[in-house]
Amino acid sequence: MNEGFETLAIHAGQEADPHTGAVVPPIYAVSTYKQDGVGGLRAGYEYSRSANPTRTALEECLAAVEGGARGLAFASGLAAEDTLLRTVCAPGDHVLIPDDAYGGTFRLFAKVLERWGVSYDPVPLGDVDAVRAAVRPETKVIWVETPTNPLLGIADIAALASVAHDAGALLVVDNTFASPYLQQPVALGADVVVHSTTKYVGGHSDVVGGALVAASAELGERLAYHQNAMGAVAGPFDAWLTLRGLKTLAVRMERHCDNAERVVELLASHPKVTQVLYPGLPEHPGHEVAAKQMRRFGGMVSFRVAGGEEAAVAVCDRAKLFTLGESLGGVESLIEHPGRMTHASAAGSPLEVPGDLVRLSVGIETVEDLLADLTQALG
Ligand SMILES: *Cc1c(COP(=O)(O)O)cnc(C)c1O
C-alpha cells in the first residue's frame, strides 16, 4: 500500500461492515462470540480480552499510520508501557530513560519496575555520546521521548537506534507529543512506538487510551501475547472514540502547529518571558534534528516567566481561554505549571523541572483569541 497518511487514518482497518454496509466500524459491546461447533470461530474472535472487532479496527489503523507491522490498543498509555516493558525485560535487566521523561513513565520505572528488578538510569537523550557511554551489558531498552515533556528536548531517533542496536537493545519511542502525523519513528529505526492515545491521537479530551506499534511482526506477536496475558486492553467504546479521533489527526495537527507558531511568536517578544522552549525556533538546540525527523514542530510550547515560580503560577491562574489542567493534545488549549502539577512527583529527583516553567498545549481555537488570553494572563 502506498496510500497517504490521511487516507490510511480514515480507511486502514475499516472496510464497510460486511453485514450492514455501515461505513464506520460499530462498537462491538460484547465479551464472547458464538462458535459454530467447538473451536469453529466465525471471524477469529472468541473472547474480547483476546480480540474485539472495534479494537482490531483501531489496532490495524494505528499500525498503518505508524508504518509498523502490528498495532495494539490498551486501556491507557501507562498500561501499554507496562505491558511492553514486562514483555521485553526481565528482572536483572537495565533500561535507559530520558532525564526529563514523562512523570508517569518515570514513576512506573521508579516505583513499579524497579521493585520487579528492572533498573534504570536517566540520561540526556540529546547527547548521543552520553547515551552510548551509559549503556551496560544488561541494557535491554533505550526509551526515547522526542519532543520531551515538558522541556521540549529533541532526541535524534536514527542515531539512538544505532546505539541501541549496536548494544543488542531495543529502541522504544514514546511518540505521544509528535503524533504519527508529525513523526514516524519506525522509519527511523525504532523497534516499538508507544502512544498515550489520550492525547493527540484521540484529540478531544474524552477518552484515556494507549497503544504500542511494533516494527516487526515477530515482536508484535510477543506483545499481543502479553496484551492478552496481562489484560490491560482498550474497551470497545474507548477504541471507537480513539479511532474517530485518529481520522482527523492530520488536519488537527496542522492547525495545532499553525497556532503554536503564532503563540511562540508572541511569547518570544514578550518582556515577561525569559525563554521559549519550542523545537521550531532556530536557536533551540534540537532544531536541526527536529527539522530532519519531524514534518512540523507540534502544538506543545513551554516558556519560563520572569519573576520565578510565583509569577509562573500567577500566569496559569489568570489564563481563561487556556484551561488550567493537566493532559494535552485536545482541540481545546490547556495551560499548566509542571512543577506543581504534571511533574510534582519528580520533585527532588534528577527529573525535577524549573519552578518558573509554564507548559501550553495549544489548541485549535481562533488564534487571535488565544493570543489575547495569553497577553492578559502575562499581565
Ligand atoms: C500522558 C502521557 C503518557 C501516559 O499516558 P496515559 O494515557 O495517561 O496513561 C505517556 N507518555 C507521555 C509523553 C504522555 O504525555
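This briefing goes through the surroundings of the ligand, then the pockets, and then the cavities of the structure above. The model is a predicted one, and the values given here are computed from it. Around the ligand there are 13 residues, the largest pocket has a volume of about 530 Å³, and the cavities of 30 Å³ or more come to two. Rolling a probe the size of a water molecule over the atoms shows where empty space is left.

**The ligand and its shell**

- The ligand is surrounded by 13 residues, and the closest of these are G77, D174, S196, T198 and K199.
- Sorted by class, the shell around the ligand is made up of four nonpolar residues, six polar residues and three charged residues.
- Helix α3, which covers residues 77-88, gives the most to the shell around the ligand, with three residues.
- For K199, an N or O atom in the side chain is 2.7 Å from an oxygen atom of the ligand, while for T198 a polar side-chain atom lies 2.8 Å from an oxygen atom of the ligand.
- In the case of L78, a polar atom of the backbone is 2.9 Å from an oxygen atom of the ligand.
- On its own the ligand has 380 Å² of accessible area, and the protein covers 92% of that area.

**The largest pocket**

- The largest pocket has a volume of about 530 Å³, and its lining consists of 21 residues, of which D17, Y28, A43, Y45 and P53 lie nearest its centre.
- By class, the lining of the largest pocket holds 12 nonpolar residues, together with four polar and five charged ones.

**The second largest pocket**

- About 320 Å³ of space lies in the second largest pocket, which is lined by 22 residues, with L151, L152, G153, I154 and P285 lying nearest its centre.
- The second largest pocket lies between domain 1 (5-247) and domain 2 (250-378), because both domains give residues to its lining.
- Strand β8, made of residues 273-277, gives the most to the lining of the second largest pocket, with three residues.
- By class, the lining of the second largest pocket has 12 nonpolar, six polar and four charged residues.

**The largest cavity**

- The largest cavity has a volume of about 50 Å³, and of the 14 residues that line it, L58, F74, T197, A234 and T242 are the closest to its centre.
- Four elements, namely α2 (53-66), β1 (70-74), β7 (210-214) and α9 (236-247), are those that give two or more residues to the lining of the largest cavity.
- Of the elements in this lining, α9 gives the most, with three residues.
- By class, nine nonpolar residues, four polar residues and one charged residue line the largest cavity.

**The second largest cavity**

- The second largest cavity has a volume of about 40 Å³, and the residues that line it are P147, L152, F177, F297, G298, G299 and M300.
- By class, the lining of the second largest cavity has five nonpolar and two polar residues, with no charged residues.
- Domain 1 (5-247) and domain 2 (250-378) each give at least three residues to the lining of the second largest cavity.

Technical notes
Residues numbered from 1 in each chain as written. Predicted model: local features only at pLDDT ≥ 70, side-chain atom pairs only at ≥ 80, totals over all residues. Heavy atoms only, no water. Near = heavy atom within 4 Å. Polar contact = N/O pair within 3.5 Å; in protein donor to acceptor, adjacent residues only side chain to side chain. Areas by Shrake-Rupley, 256 points an atom, 1.4 Å probe, with all protein chains shown as cover. Nonpolar A, V, L, I, M, F, W, Y, C, P; charged D, E, K, R; others polar. 1 Å grid on protein atoms, 1.4 Å probe; cavity = no way out; pocket = protein on both sides within 12 Å on 5 of 7 lines; lining within 4 Å. Points joined across faces, edges and corners; volume = space filled by probe spheres on them. Domains from an automatic or database assignment.
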